[in-house]
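Open the model in your viewer and keep the sequence panel beside it. This tour tells you what to select at each stop and what is there.

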Amino acid sequence: MSPSLTLISDGKKFMWDGRLFETRDEGLREAAAYERDNFEVRMVEQEGKFLVYTRRTVKEHVLTET
């Protein structure tokens, strides 16, 4: 198996975290941990393994004056 490093979902680019999870529950636990750290998450099943793709979400914009 050679998973794609990137995933496009809803017009947004997600990056694979590099790990294969044996069960959906393991993947969901990891996905929840990423979400707590302000990531958007997508989980994909491929050949019986579960892959977690993440994307950092922007919570606020900081503008500085020059």
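**Before you start**

This is a predicted model, in which local features need pLDDT of at least 70 and side-chain atom pairs count only at pLDDT 80 or more, while totals for chains, interfaces and linings use all residues. Residues are numbered from 1 along each chain as its sequence is written, and side-chain values use heavy atoms, with hydrogens and water left out.

**Stop 1: the strands**

Switch to cartoon view. Helices (H or I, at least four residues) and strands (E, at least two) are DSSP runs, numbered from the N terminus. Two strands pair if DSSP finds at least two bridges between them.

Select β1 and β2. They pair in the antiparallel sense, over 4 bridges. Pick Ile-8, and then its bridge partner in β2, Lys-13.

Select Leu-20 and find its bridge partner in β4, Leu-51.

**Stop 2: salt bridges across the sequence**

Show the charged side chains. A salt bridge here is a side-chain nitrogen of Lys or Arg within 4 Å of a carboxyl oxygen of Asp or Glu. By this rule the model has 7 salt bridges. For exposure, buried means under 20% relative accessible area, exposed over 50%, and partly exposed in between (1.4 Å probe, protein chains only).

Select Arg-42 and Asp-10. They form a salt bridge, with the closest N and O atoms 3.2 Å apart. Arg-42 sits in strand β3 (residues 39–46) and Asp-10 in the loop between β1 (6–9) and β2 (12–21), so this pair ties together parts 32 residues apart in sequence. Arg-42 is partly exposed, at 23% relative accessibility.

Move to Lys-12 and Glu-40. Their side chains meet in a salt bridge at 3.3 Å, N to O. Lys-12 belongs to strand β2 and Glu-40 to strand β3, so the pair ties together parts that are 28 residues apart in sequence. Lys-12 is partly exposed, with a relative accessible area of 29%.

Next, select Glu-22 and Lys-49. This salt bridge spans 2.7 Å, N to O. Glu-22 lies in the loop between β2 and α1 (24–36) and Lys-49 in strand β4 (residues 49–56), so the pair ties together parts that are 27 residues apart in sequence. Glu-22 is partly exposed at 48% relative accessibility. Lys-49 is partly exposed at 22%.

Finally, select Asp-10, Lys-12, Glu-40, Arg-42 and Arg-55 together. A network of salt bridges links them.

**Stop 3**

Is Glu-40 buried or exposed? Glu-40 is buried, with a relative accessible area of 17%. Contact means heavy atoms within 4.5 Å. Leaving out residues up to four places away in sequence, Glu-40 touches Lys-12, Phe-14, Tyr-53, Thr-54, Arg-55 and Thr-57.

**Stop 4: the nonpolar core**

A nonpolar core is a set of buried Ala, Val, Leu, Ile, Met, Phe, Trp, Tyr and Cys residues joined through side-chain atoms within 4.5 Å. Select Phe-21, Ala-31, Tyr-34, Phe-39, Val-41, Phe-50 and Val-52: these 7 residues make up the largest one. The elements giving two or more residues to this core are α1, β3 and β4.

Which aromatic rings pair? Rings of Phe, Tyr and Trp (its six-membered ring) pair if their centres lie within 6.5 Å; planes under 30 degrees apart count as stacked, over 60 as edge-to-face and the rest as tilted. The structure holds 1 aromatic pair. The rings of Tyr-34 and Phe-39 have centres 5.4 Å apart and planes at 75°, so the pair is edge-to-face. Both Tyr-34 and Phe-39 are buried.

**Stop 5**

Most residues other than glycine have a negative phi. Return to Asp-10. Its phi is near 55°, a positive value. Asp-10 is exposed, at 67% relative accessible area.

Last, select Glu-47, in the loop between β3 and β4. The phi of Glu-47 is also positive, near 55°. Glu-47 is exposed, with a relative accessible area of 62%.
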